[in-house]
Amino acid sequence: MKKFRVAAVFSDGCVLQRGKTVCIFGEGKDGALVSATLSSENGTVLAENDSIVKDGKWRVFLPPVSACEGCTLAVSCESDDAEECGGISFSDVAVGEVWLAGGQSNMEFELRNCAEGPEELAKMNDTAQSVRVRYYYTPKNSFFSPRFYEQEDASHWTKWGDSLCSENGSCATWSAVAYFCAKRLSQALGVTVGIIGCNWGGTSASAWIPRARLQEDVHLSSYLDDYERAVSGKSLEQQCDEFESYSIQRERWLEKAKTNPPEQLEPDPWPGPMGCHNPCRPCGLYDCLVSRVMPYTMKGFLYYQGESDDHKPHTYDRLLATLISQWRSDWGDRTMPFVIVQLPEHRDANREDSHSWCVIRQAQQHVWQTVRNTVLVPALGLGAYDNIHPVHKKELGERICAALLYDVYRQKGAAFALPPVACNALRSGSKVILTVAHAGAGLTFRTDAVRLEHYRDMEARQGHAVPDDFTGMEVCASDGVYHPATAEYVQGCSDGVVLLAVTAENVTRPTGIRYGWYNYGPVTWFGVNGLPLLPFLLSC
C-alpha cells in the first residue's frame with residue numbers, strides 16, 4: 001500500500017509548461033481522490049481538476065494556462081484511510097517554457113567549469129531579476145536503494161539568484177549549455193524557462209532506453225548481449241561489491257588527480273566494472289532517471305550525446321531514432337520537438353583517426369532529415385584539441401536557442417538559424433558541382449590555422465601528409481582515394497542555394513566528394529549566419 005506522494009520533480013519554485021495540458025502526478029492508495037489546484041499570486045484559481053488513484057499511481061490533468069509567476073500549486077488527497085492521504089502546497093511556481101536537457105558529459109558539463117561560467121556566476125546577484133531561468137537536477141543514482149529515495153526526496157527546483165545559488169552552490173552545477181540556451185530563450189520569449197537536467201557523463205544512448213525497445217531490434221540488442229556477457233556468472237551481490245570497491249578506488253584516484261600531474265597517475269579506473277550499479281549499463285538510466293521525471297509536461301528535449309556510441313557508429317541512427325520515439329511515447333506526445341546537438345570536432349592526439357565521429361555526425365543528420373519535429377544544431381567549430389570536453393559552452397547554447405526560435409517558436413527566419421547543408425553533387429568533367437542549401441547570401445571560407453596545425457601533426461604521426469592550403473573539401477578519384485580539393489563559386493540563388501565547383505589536382509574523373517570527414521580537423525566553411533557547413537559524404 002502506497003502513501004500519498006507527489007513526484008519529486010514538483011517542488012517550490014517549479015516551472016509548469018504554458019499553453020499545454022499540465023500533468024501533475026504521483027503515488028497513493030487505490031481509490032483515493034487526488035485534487036490539484038493552480039492559483040495566481042492574488043489567489044485566483046487558474047486551473048483545477050481531480051483524479052482517482054489506480055494501481056498505486058495517479059495523474060491529474062490541469063487545463064492550459066498562460067505564462068505567469070508567483071503561483072501556488074496545491075495538491076491534496078481524500079480517502080477513507082486518513083493516514084494514507086494528506087496535502088501539500090508548492091509556492092513561487094512559474095508557468096513558462098520547460099525543456100529536458102539530456103545526454104552525456106558535454107550536456108552535464110557544469111557552469112562553474114566552463115570558460116564563461118565564473119563571470120556569469122560572479123554577476124549572479126546583479127542579474128537575479130533579469131535572468132528568469134530555473135533548474136531541476138534529476139538525482140544521479142543508478143541503482144534503487146535507500147540512498148536513491150533519500151536524494152530524490154531532497155531534490156528541488158533552484159532559481160537563478162536565490163540563496164541556494166552561490167558561486168559554489170547549486171546554480172554552479174547547472175548544465176552550462178542548457179543554462180546559456182535557457183537564458184537567451186527567456187529573454188527572447190519574455191517568460192521563465194525551466195530546465196530539467198537528466199544527463200550522465202560517459203553514457204551510451206542505450207542507457208536511456210528501456211530493455212524492451214532494445215530487445216525488439218536485432219541491430220540494437222547487441223548492447224544487451226554485451227552487458228549479459230560482462231555480468232555472466234556474477235550474482236547481484238557480487239556486482240554490488242565490485243562496484244563499491246571500484247567507487248572507493250575512483251575516489252582515491254580523483255583525490256590524487258587534484259594534486260599530481262597526469263604522468264604520475266595510474267590509469268583512471270573509470271567507468272568501472274559493468275553491473276547493476278554501473279550507470280553506463282543499458283536501460284539503467286531510463287529506469288533510474290527518465291522514469292522519475294516522466295511525464296512532467298514540457299515543450300521538448302535538448303539532447304547532446306553520441307561520443308560514447310562511437311564504438312558502434314553504424315547503428316547510431318537507429319539507436320537515436322528509437323530513443324526519440326520512446327521518449328515521445330512516454331510523454332504522450334508524438335510531436336514533441338527534439339533537439340540533436342551534432343558532435344563537434346574531437347580526436348585524441350595520439351590516436352589514429354577512426355572516422356567514427358564522422359559516421360555519428362552523419363547519423364545525427366540522417367535522423368534530423370527523416371524524423372519529424374527534430375532540430376539539428378551543429379557544434380563544429382567549437383571542439384577542442386585532444387579534449388573531449390570543450391570548455392566554451394556559451395556559443396553552443398546560443399546556437400541551440402537560435403534553432404528553437406526558428407524551428408519551434410517561429411520567431412526567426414531560416415537564414416537566422418539553419419546551417420548550410422550540401423544536398424547534391426554532380427560530376428561535370430573533372431569538376432564536382434556541389435549544391436549547398438540554406439546558404440543564405442553565400443558561404444564564407446575561414447582559414448583555420450590552429451586546427452590545421454593540430455590536424456597536420458596528428459596525421460604526420462600516422463605517416464600522412466597534409467597540404468598547407470587544406471580546405472576540408474576532398475574529391476574521390478576512380479581508385480577510391482580522396483585528394484585535397486579547392487572550391488569556387490559557380491552560382492548563388494535567391495532561395496539560399498549556392499553552387500560550388502570543387503576540383504582536386506590530378507583527379508580527372510571524380511566519383512565522390514566529402515567535407516570535414518575527420519574526427520578532428522579544420523572547420524572552414526560557414527554560412528553568413530555564422531553556422532558551419534555540415535560535414536558530408538556524397539557520390540557523384
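Modeller: C358 has a relative accessibility of 1%, so this cysteine counts as buried. The model is a predicted one. C358 takes part in no disulfide, and the nearest cysteine sulfur, which belongs to C476, is 15 Å away. A search of the whole structure turns up one disulfide. That bond links C77 with C85, at an S to S distance of 1.9 Å. C77 is buried at 9% relative accessibility, and C85 is buried with a relative accessible area of 17%. C276 is in no disulfide either; its nearest cysteine sulfur, that of C240, is 3.8 Å away.

Turning to the backbone, most residues other than glycine have a negative phi, and most peptide bonds are trans. H355 has a positive phi, near 60°. This residue sits in the loop between β13 (338-342) and α11 (356-370), and it is partly exposed at 28% relative accessibility. R410 also has a positive phi, near 55°; its place is the loop between α12 (394-407) and α13 (414-417). R410 is exposed, with a relative accessible area of 60%.

Two cis peptide bonds remain to be described. One joins W270 and P271, with omega about 10°, and P271 lies in the loop between α8 (236-259) and α9 (284-293). The other runs from M294 to P295, with omega near 5°; P295 is in the loop between α9 and β12 (300-304).

Key: Residues numbered from 1 in each chain as written. Predicted model: local features only at pLDDT ≥ 70, side-chain atom pairs only at ≥ 80, totals over all residues. Heavy atoms only, no water. Disulfide = S-S within 2.5 Å. Buried < 20%, exposed > 50% of the residue type's maximum accessible area, 1.4 Å probe, protein only. Helix = DSSP H or I, 4+ residues; strand = E, 2+ residues; numbered from the N terminus.
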